[in-house]
Amino acid sequence: MQAPPPTQAAPPTPPSQQIQHSELLTLVAALTNSDQREQVLLELSKKREIFSDLAPVLWHSYGTISALLQEICCIYGSLSPPSLTAHASNRVCNALALLQCVASHPETRGLFLSAHIPLYLYPFLATNSKQRPFEYLRLTSLGVIGALVKHDDSDVINFLLQTEIIPLALRIMESGSELSKTVATFIVQKVVLDDLGLNYICATAERFYAVSTVLQHMVTSLIDQPSVRLLKHIVRCYLRLSDNLRAREALRQCLPEALRDETFQQALEGDQTVKKWLQSLLFNISQQG
């Protein structure tokens with residue numbers, strides 16, 4: 001009887017990684033110290049790309065997520081009337097950047113969702129002040145939601161549909177900065193790309209027209225100052241909506257003329273993907289039944 005081959009020991013962790021992990025544990029532990037927290041938030045947000053296991057360490061360390069949520073909750077009072085300072089905005093956005101890591105990591109994304117942590121961000125998305133600290137706060141909050149939807153997880157879409165993310169995103173798509181509009185439109189795009197999301201939005205005329213009207217206004221605003229990045233998400237939303245027969249029928253009437261003619265031909269000259277999506281959209285709405 002042949003003896004089994006000897007078990008190979010796992011290669012030792014390089015000293016540099018051991019030092020890095022030790023630094024990470026020290027920084028994360030310091031988050032629970034209110035005197036050190038501001039500096040640690042800044043340090044971790046700067047180094048979040050370096051620490052590959054940052055999200056699991058944040059989630060499983062005692063008191064850490066509570067400390068991050070405390071950072072969020074303590075500025076609610078600055079939202080209305082709008083009195084958020086640049087300093088306070090930067091600080092909470094550093095906390096949000098760490099939550100974005102948790103939202104995007106496969107090991108912690110489901111836990112993040114089960115704890116309903118996105119709901120803590122909704123008051124930020126509901127603000128409408130044009131002041132820079134608020135715009136930065138909305139954009140960073142959108143980044144957390146964007147990290148959630150990026151991974152095509154139906155549980156994420158189901159959660160977002162049960163909450164008020166669609167009307168919040170639509171409001172930002174209408175009145176936010178170009179960058180905020182782009183991220184908000186990306187979120188709506190990812191929602192409608194999921195069958196749950198498409199069926200939800202097309203279930204009633206009210207929901208469909210809420211989305212299509214905002215998209216229509218955005219297209220009109222892009223005629224004078226085209227943004228290919230934003231237009232890309234808008235066209236993809238329309239194309240996906242055209243997969244639904246009732247929505248396709250409605251789009252025959254309400255699709256903006258600027259998408260039917262050559263208004264954006266020059267702007268889209270270098271982007272074959274968007275041109276193909278637009279062609280597919282126009283083909284879909286030309287089909288009967």
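This is a predicted model: local features need pLDDT of at least 70, side-chain atom pairs count only at pLDDT 80 or more; totals for chains, interfaces and linings use all residues.
I noted about 60 Å³ of space in the largest cavity, where grid points are joined across faces, edges and corners and a volume is the space filled by probe spheres set on the points. Its lining, meaning residues with an atom within 4 Å of a point, consists of Thr127, Asn128, Ser129, Lys130, Glu135, Arg138, Arg171, Ile172, Ser175 and Gly176. I sorted these into one nonpolar, five polar and four charged residues, counting Ala, Val, Leu, Ile, Met, Phe, Trp, Tyr, Cys and Pro as nonpolar, Asp, Glu, Lys and Arg as charged, and the others, Gly among them, as polar. Both α8 and α10 (165-175) supply at least two lining residues of the largest cavity, and α10 gives the most, with three residues; helices here are DSSP runs (H or I, at least four residues), numbered from the N terminus.

**Basis of the numbers.** Residues are numbered from 1 along each chain as its sequence is written, and side-chain values use heavy atoms, with hydrogens and water left out. Local features need pLDDT of at least 70 and side-chain atom pairs count only at pLDDT 80 or more, while totals for chains, interfaces and linings use all residues.

**Helix α8.** I found 15 of the 18 residues of α8 buried, so the helix is largely enclosed by the rest of the structure; buried means under 20% relative accessible area, exposed over 50%, and partly exposed in between, with a 1.4 Å probe and protein chains only.

**Largest pocket.** For open space I used pockets, each an open set of points with protein on both sides within 12 Å along at least five of seven lines. The largest pocket holds about 390 Å³ of space, and of the 19 residues that line it, the closest to its centre are Glu49, Gln100, Cys101, Ser104 and Ala147. I noted that α3 (54-60), α5 (86-104), α8 (132-149) and α11 (178-193) each supply at least two residues of this lining, which divides into nine nonpolar, seven polar and three charged.

**Second largest pocket.** I recorded about 210 Å³ of space here, with Ala258, Arg260, Phe264, Lys275 and Leu282 among the lining residues. The elements giving two or more residues are α16 (257-260) and α17 (272-286), and the largest share, four residues, comes from α17. By class I counted six nonpolar, two polar and four charged residues.

**Asp224.** I located Asp224 in the loop between α13 (205-222) and α14 (228-241), and at 71% relative accessibility Asp224 counts as exposed. Its C-alpha atom is 10.0 Å from that of Phe264, 40 residues apart along the chain, and Phe264 also lines the second largest pocket.

**Cysteines.** How many disulfides does a search of the whole structure find? I found zero, taking a disulfide as a pair of cysteine sulfur atoms within 2.5 Å. The sulfur of Cys73 is 7.9 Å from the closest cysteine sulfur, in Cys74, too far for a bond, and Cys73 is partly exposed, with a relative accessible area of 33%. For Cys93 the nearest cysteine sulfur, that of Cys74, is 12 Å away, and at 2% relative accessibility Cys93 counts as buried.

How values were computed: On a 1 Å grid over the protein atoms alone, a cavity is a set of points where a 1.4 Å probe fits but cannot get out, and a pocket is an open set with protein on both sides within 12 Å along at least five of seven lines; lining residues have an atom within 4 Å of a point.
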